[in-house]
Amino acid sequence: MRLLKLLRTTAFRLALVYVLVFAVSAGLLIGFIYLSTSSFMAAQTDETLNAEITGLEEQYRQRGLPGLRQIIIERSSRSESSLYLLANADLSRIAGNLSIWPADAEREPNGYMNFTYDRQVADGIEKRLARARQFRLPGNFYLLVGRDVVDRRGVEDLITDALLWAGALTLALGLLGGFVISRNMMSRIEAINRTSRDIMEGDLSRRVELTGIGDEFDELASNLNDMLDQISRLMAGMREVSDNIAHDLRTPLNRLRSRLEVTLMKPQGDQEYREALEQAISDADGLISTFNSLLLITRAESGVLRENFAPTDLSAIVRDMSELYEPVAEAKNIAFRAISGPPVTCRGDRSLISQALGNMIDNAIKYTPSGGAVSVWVQREAGTATLKVRDNGPGIPEADRARVLQRFVRLEASRHTPGSGLGLSLVAAVAQLHEGELQLDDAGPGLIASLRLPLDA
Ligand SMILES: Nc1ncnc2c1ncn2[C@@H]1O[C@H](COP(=O)(O)OP(=O)(O)OP(=O)(O)O)[C@@H](O)[C@H]1O
Ligand SMILES: [Mg+2]
């Protein structure tokens, strides 16, 4: 079963393809060497035969039959692998180390022939292969000059054997390599699979073990682990947010409910009922607006709103929002000053940025006591534009500046001013959506809230 699984792995199949490609190319290479060597050796044999015949013919012309006979006798005794036969017109032997003219020769059209002959060896007679060329001499004599080719065949056989062995060895080594590689890979992948199964079964704390080699499997494992960490963090965050939401919405809902309950406890006049209902509607409006703020924050955080980004003039936003809040400041006897100069364009969502600036101005007016001052302006800095709102109220202690950005967080000092603690959360989400930044600083006295946004390129 394990073997079957191993054979099915990608690594093994890849190894197999490599083995095949390698075996085919090795085979082609050795085959080429074989063919060229054997044809070279054959050509060499034919060439020496030819040269020898030319020489012998020359001798015959100069020294006649006795001379040629003499030479043939000499040469026949000198070499074992050279074959000679000088014969009469009826092919009967005159001289040479071949006893009879080969009868069963396989003849080629160019005068060459391949045949077997009998050679005297220690324990009898051996049939051996030879290649020869025959030649007719003037005067009707026949001359045959040949070579024993058993040795040449031997070399050829050696090469054939080498070819087969090389092929078999390549295959065997390749298969073995394939097995080893796939086993190794399988065990690494199995480790990842095991961990993911554990996680799927509910053990979210499990992480893939790293081998420390630093290869692509380690990289995959560490990416998976980082992803799991990120998911855990997000899940923890989600849990906290939903806990907070549930907790913070329960209070106004309870208030609404008990108000209605108290109203029903004893009979009342039309006027009282009407007032209670109006109160209930206003409570419900507050809840709806809290829900809307929450939804808006979630949408800004999710990043989907980036699709609506367009060039947005921040100076215009400063003008619009100031117009909206000036009467509010005036009503509270706060000196309100808005400085808006030439257009400062950034890429973003106009309504979200307006909402964020509105929240910042709203805070400044809300938390600054009567008689204070609030100013709003936009300021360019290298590559960025910053919306600034400054007041001279109580400010936010440094220790609380990160905390107030969280949903529903309101400082103790603001307990008696209305609000849901979502205003700065939205500003922070808008900053994050635009890849900008929200910064709270001490204005000594008061607070400077800065919303930094990237300028439109
Ligand atoms: N300009 C400011 N001066 C002093 N304290 C501030 C200022 N702005 C914000 N805060 C403090 O930070 C808290 C969070 O502000 P945030 O705007 O998020 O909520 P909120 O104003 O209480 O309610 P909401 O804005 O949702 O109506 C406030 O409750 C307040 O305690
Ligand atoms: Mg606020």
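**View 1. Helix α7 passes helix α8 in a left-handed crossing, a term used when the near helix is turned anticlockwise from the far one by less than a right angle.** The model is predicted, with local features needing pLDDT of at least 70 and side-chain atom pairs counting only at pLDDT 80 or more, while totals for chains, interfaces and linings use all residues. Residues are numbered from 1 along each chain as its sequence is written, and chains are lettered from A and ligands numbered from 1 in the order in which they are written. The axes of α7 (residues 350-367) and α8 (residues 423-433) come within 9 Å and cross at roughly 140°, the axes being lines fitted to C-alpha atoms over the stretch in contact, with angles from 0 to 180 degrees between N-to-C directions. Helices here are DSSP runs of H or I with at least four residues, and strands are runs of E with at least two, numbered from the N terminus.

**View 2. Ligand 1 has 23 residues around it.** Asn-363, Leu-411, Gly-419, Gly-423 and Leu-424 come nearest, where a residue counts as near if its C-beta atom, placed from the backbone, lies within 6 Å. The elements giving two or more residues to this shell are α7 and α8, and α7 gives the most, with four residues.

**View 3. Six strands form an open sheet in the order β2-β1-β6-β5-β4-β3, with antiparallel pairing.** Two strands pair if DSSP finds at least two bridges between them. Because β2 (93-95) and β3 (106-107) stand at the edges, each with a single partner strand, one side of each is left without a neighbour in the sheet. Ten bridges join β4 (residues 112-121) to β5 (residues 124-137), and the partner of Asn-114 in β5 is Arg-131.
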